[in-house]
Structures are given as C-alpha cells and as structure tokens.
Amino acid sequence: MIAARGITKQFGDFVALDDVTIEIPDGSLTALLGPSGSGKSTLLRIIAGLETPDRGVVEIHGRDQTHVPPQRREIGFVFQHYAAFKHMTVRDNVAFGLKIRKQPKARIDARVNELLEIVGLAGHQKRYPNQLSGGQRQRMALARALAVEPRVLLLDEPFGALDAKVRADLREWLRRLHDEVHVTTILVTHDQEEAMSIADRIAVMDHGRIEQVGHPRELYDRPANRFVMGFLGPVSEIGGRLVRPHDIVIELEPSPGAHEAQITRIVHLGFEVRVELALARRDGVFAQLTRDEAQQLEVSEGDIVWLRATNALVEAPDPA
Amino acid sequence: MTVSRPWQLTLRILALGWLLALLLAPVALIFYRTFEPGIGAVWDSITTPAAISAFWLTIEVSAIAVVVNTVLGVVMALALARGRWRGRWVLDAIIDLPFAISPVVVGLSLILVYGTTGWFGRDLADLGIRVIFSVPGIVLATVFVTLPFVVREVTPVLREVGDEQEQAAATLGASGWQTFWRITLPSIRWGIAYGVVLTTARAIGEFGAVSVVSGKVSGETETLTLLVEKRFANFDLAGAYAASALLAAIALLTLLIMTTFNRRREEA
C-alpha cells in the first residue's frame with residue numbers, strides 16, 4: 001500500500017495541498033481527478049519524491065519514504081510531455097534505468113525487447129524520439145518507466161498532450177496493460193471520462209483537498225457534495241435539488257411534487273435527445289431522454305411541461 | 001512585413017556593401033599586402049623565434065582560458081538556470097561585467113590586485129610567484145575578458161531544455177552526477193561548443209587587457225596581437241601584416257568551425 005498522510009504543501013502564498021490523506025491499495029489503478037490547481041500533480045510529485053511536503057508523511061509498502069530521494073523510491077514516473085531523452089535512441093531510453101543499475105548487457109537487451117513488444121514499439125529500437133509520434137513517445141516513456149520494475153507507476157496527465165483519438169486508444173491500452181502487469185498505478189487527470197473509464201478508484205480533488213474517494217460508480221451515483229457531482233457529469237437543478245439530466249422525467253400533466261417548466265429548445269444528438277428547459281428561477285436546466293422516449297412524449301419547443309426527479313443526489317444550498 | 005522587390009534588392013546591396021567596406025575589404029587587403037612580397041618572405045617573418053613564441057603563447061593562453069571558462073561557465077549556467085537560491089540576479093549581473101568594462105581597465109585592475117604593490121602581489125612574490133608582467137597575468141586577463149561567453153550561450157539552452165528529462169533520470173535511479181553526464185551535458189553540447197568557439201576567438205584576439213599586464217617581453221610574454229602592434233610601431237609593416245594574417249587565419253578557422261556547429265545545432 002502507498003499512503004500519504006497529512007500532506008501540506010505551499011508555494012509562496014498558494015496552498016497547493018491542505019492536510020491531504022490518501023491510501024492507495026496494492027495493485028489498484030487510482031485516478032487523482034480534479035481541475036487545474038487542485039493539487040493533484042503536486043500530490044503525485046510528492047509521492048514520487050520530486051517535491052518535498054511542508055508537513056506530512058509518505059509511506060510506500062509500510063516504510064516511511066518522506067525523506068528518501070526519488071532515485072531510491074523504486075517508482076516509475078511518466079510526464080505529460082514525455083520527458084524523452086532526446087539524444088538517445090528508443091532502445092537507449094528504455095534501457096536507461098537498467099544501465100544505471102549496471103545490469104548485464106544481455107539482460108538489458110532481453111528486457112528492452114520484451115517491453116518494446118508490450119508497448120507496440122518493436123522495430124523502432126534505433127529511432128530517435130523526434131522520429132516518433134506523440135502517442136509513440138508516451139508509450140516509449142511508459143516502457144522506460146516499467147523497465148526498472150517499479151513498485152509504483154505514477155502517471156502525470158500522461159495523455160494530456162495527445163489528440164482525442166490517440167488519447168482514447170492509449171487509455172484502453174493502459175487499462176489492458178495494467179490488467180496484465182498489475183503494478184500499483186496512480187494516474188493524474190483532469191478528464192472525468194478518462195478517470196471513469198480506466199480507474200478502479202477515483203480521488204476527486206479541489207483546492208488542495210480530497211473531496212471524495214471511491215469506486216467510479218459510487219462517486220457518480222452517490223457524490224458527497226455538489227463539487228464532486230458537478231465534476232463527474234452534467235447536473236440540472238430542480239426545486240432546490242441537484243439531479244442528473246437523465247434522471248429527469250418529463251410529464252404533460254401537473255402532479256404533486258412536479259415542477260412546471262417551459263421547453264426552450266430540443267436538440268437531437270443521435271441516440272440522445274437533450275431538452276432544454278426554463279424553470280421559474282433557474283437557467284441552464286436540461287433533461288436527457290432517449291430518442292424513443294422523446295418520440296413518445298411528442299413535445300415541441302415552447303410547450304409547458306412538468307418535471308419530476310427520479311433520483312436527486314444532492315440538496316442544493318439555498319440561493320442566497 | 002512585406003517589402004517590394006526593388007526595395008528588397010536595395011536593402012540587400014546596402015547590407016552586403018556595408019559588410020564589404022567594413023569587414024571583408026580590410027581583411028582581404030591584409031592578406032593581399034601580406035603576400036605581396038612573396039610567400040618566402042611571409043614564411044620567414046612568421047617563423048622568427050619571437051613569432052613562434054608569440055604563436056604558442058597565444059595558443060596556450062587561449063587553451064587555458066577555454067578550459068577554465070567552459071568548466072566554470074557550465075557550473076554558473078547551472079546555478080543560474082537550475083538554482084533556487086536568493087541573489088541569483090547578482091551573479092546574473094556580474095557575469096556581464098567583462099562585456100561592460102574596457103579591457104584596458106581590466107588590465108589595470110589586475111595590476112592593482114596582483115602587482116608587486118597590490119593586495120596579493122607581495123605575498124605571491126614572496127612565494128616566488130610572479131603574476132603581473134608574466135604568463136599568469138596574461139592568462140588571468142584573458143580568462144576575465146572571455147568569461148561571459150559559455151555562460152551566456154549555455155544558460156538559455158538549459159532553460160529551453162527544461163528539467164523534466166533530469167527529473168525523469170532521477171526517477172529512473174540516476175544520481176545527480178550520472179544525470180549531469182548522461183542527460184544534461186548531451187542536451188547542452190551545442191551551446192557549449194558555440195560558447196567555446198566564441199571564447200577561443202575572443203581569447204586569441206585579446207589585446208587591451210593583455211597589453212597592460214604582459215610586460216611585452218619578446219619571446220616570453222608577447223602574444224600574437226602584441227607582436228603585430230610592436231612590429232607596426234617599429235615600421236616593420238610587412239612583418240605586421242604577416243603576423244596579422246596568421247591571426248586572421250586562426251580567426252577564420254574558428255569562424256568556420258562555429259558556422260559548422262551552428263548548422264548542426266539548428267539541425268539537432
């Protein structure tokens with residue numbers, strides 16, 4: 001298990017981390033999810049030893065590592081912008097950690113070949129990083145980090161600099177890789193879809209604090225507060241309660257507990273139909289329906305309807 | 001900015017004409033005048049004992065200046081680009097001092113410090129070490145005058161490369177020393193090479209500071225630039241031209257190396 005306990009870190013006046021405690025179980029793939037400036041990267045870098053906390057303790061497998069330099073933490077770190085060794089070939093990049101550990105050449109060659117096979121870069125041994133695409137560079141960086149058989153793999157926005165298609169492919173690929181290699185992994189991301197699709201645990205962070213930790217589904221279905229709910233998916237507010245747009249039922253007749261609204265716009269997004277609504281005091285409310293539901297309802301823009309929430313998650317604070 | 005065709009031509013001719021008048025013509029003329037009396041005479045005048053001694057002294061002093069300023073320059077560049085210490089700006093400002101101060105003043109201040117009546121001069125003299133009017137003084141003056149080049153070439157390269165590769169090396173187990181040799185040094189090598197070439201060029205051509213501290217003892221503390229000046233002052237024009245041509249040849253060689261480095265740096 002990796003644990004960070006009571007971590008506080010300030011940069012000048014800015015509080016990057018405010019008494020943060022988190023435990024990462026062995027073999028898990030945990031995502032640190034949050035907006036920029038939430039402290040997620042700083043927490044990762046503190047676990048790696050690239051930053052020193054002002055207060056708090058970092059433990060890896062039960063041993064205090066707070067003052068151990070990154071060289072001796074047995075970690076693998078992957079940077080957003082790859083940090084490829086530009087003057088070295090792909091082979092030398094991946095072999096770097098093994099050469100530092102003075103492994104015999106035959107062993108290094110075998111390990112490098114094996115890893116390049118795993119990351120799909122076999123045959124690119126003699127290329128230089130500037131001859132690779134962004135996705136290939138990041139896979140090389142992953143192979144380089146995995147080569148030394150780290151106890152923990154730390155990924156700092158690893159797909160942030162890649163375009164959408166490559167990002168989705170690499171995400172899938174990373175999940176499968178994790179299922180094969182099973183190294184404890186911490187992934188920093190600001191993309192909730194990325195976190196939901198590959199992590200088995202998510203820690204949502206905001207303003208240097210951890211707001212909630214749990215399984216992706218648990219966080220989506222039972223968010224601890226408004227921030228977590230809003231960060232993990234779209235939110236509509238009806239009658240002082242926060243609701244997922246797909247949990248809104250549109251009715252044509254008034255009934256007790258239903259809220260009156262006018263349809264301002266109907267947007268057809270293929271399978272999904274988005275119904276934008278104007279409530280008495282609220283803007284930006286919309287409901288998500290399937291195409292079939294929308295067809296059966298037979299409503300059009302301008303109609304007055306009544307809304308009912310089937311699953312309100314969080315009570316909205318009173319608008320002051 | 002778009003410039004019309006006639007204007008483009010005019011600007012080009014102006015720029016080339018300026019270069020020709022200011023640089024190429026005088027240098028070409030030196031070579032012309034040098035070889036006017038015939039190659040044999042030139043050879044004779046650059047192979048006199050004084051000339052040979054001056055040539056080797058220039059090479060020796062430049063070599064020492066290059067080694068010292070490369071090592072210290074890289075250390076200072078690292079301190080400036082990677083350091084997190086307070087007062088970095090002081091170092092940053094001081095480094096440019098040799099550019100700002102006239103070389104003659106540098107020479108005079110060296111005499112004030114190391115001369116026989118200077119701060120350390122007497123103690124050093126008691127130890128049998130002579131700095132002023134001797135080779136160590138020439139080396140000191142040259143090192144001082146050429147100090148900024150490597151630092152000023154390497155610092156921006158270090159900043160541009162960033163420290164992520166160094167951090168990556170650290171997470172892979174490399175010590176600070178290993179990271180420097182395997183990651184940092186290879187990524188700044190063209191910056192260093194360029195700085196070394198500039199340092200060499202400047203060291204070979206240095207006159208002012210060296211002139212003040214050398215004592216100009218022929219065959220002992222006379223560098224090539226000093227030899228040129230002496231011959232010129234003694235109305236030995238042919239000899240001055242020959243020594244100048246030798247200097248210019250070394251300078252052209254460094255320029256050629258520099259251009260090659262620059263090309264490779266841009267390709268890298």
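Domain bounds here come from an automatic or database domain assignment. This is a predicted model, in which local features need pLDDT of at least 70 and side-chain atom pairs count only at pLDDT 80 or more, while totals for chains, interfaces and linings use all residues. Residues are numbered from 1 along each chain as its sequence is written, chains are lettered from A and ligands numbered from 1 in the order in which they are written, and side-chain values use heavy atoms, with hydrogens and water left out.

**Stop one: a pocket in chain B**

Select domain 1 (1-36) and domain 2 (39-267) of chain B: both give residues to the lining of the second largest pocket, so this pocket lies between them. A pocket is an open set of points on a 1 Å grid over the protein atoms alone, with protein on both sides within 12 Å along at least five of seven lines; a cavity is a set where a 1.4 Å probe fits but cannot get out, and lining residues have an atom within 4 Å of a point.

The space in the second largest pocket is about 320 Å³, a volume being the space filled by probe spheres set on grid points, which are joined across faces, edges and corners. Next, colour helices H1 (5-35), H12 (189-205) and H15 (237-267) of chain B, each of which supplies at least two lining residues. Helices are DSSP runs (H or I, at least four residues), numbered from the N terminus.

Which helix gives the largest share of this lining? H15(B) does, with six residues. The lining divides into eleven nonpolar, one polar and no charged residues. In this scheme Ala, Val, Leu, Ile, Met, Phe, Trp, Tyr, Cys and Pro count as nonpolar, Asp, Glu, Lys and Arg as charged, and the others, Gly among them, as polar.

**Stop two: the largest cavity**

The whole structure holds two cavities of 30 Å³ or more. For the largest, with a volume of about 50 Å³, select residues including B:Thr58, B:Ser62, B:Ile204 and B:Glu206. Helix H3 (49-82) of chain B and H12 each supply at least two lining residues, and H3(B) has the largest share, three. Here the classes are four nonpolar, four polar and one charged.

**Stop three: over to chain A**

The second largest cavity has about 40 Å³ of space. Show A:Leu146, A:His178 and A:Thr185, which are among its lining residues. Helix H5 (residues 164-181) of chain A gives the most, four residues. How many charged residues does this lining have? None: six are nonpolar and two polar.
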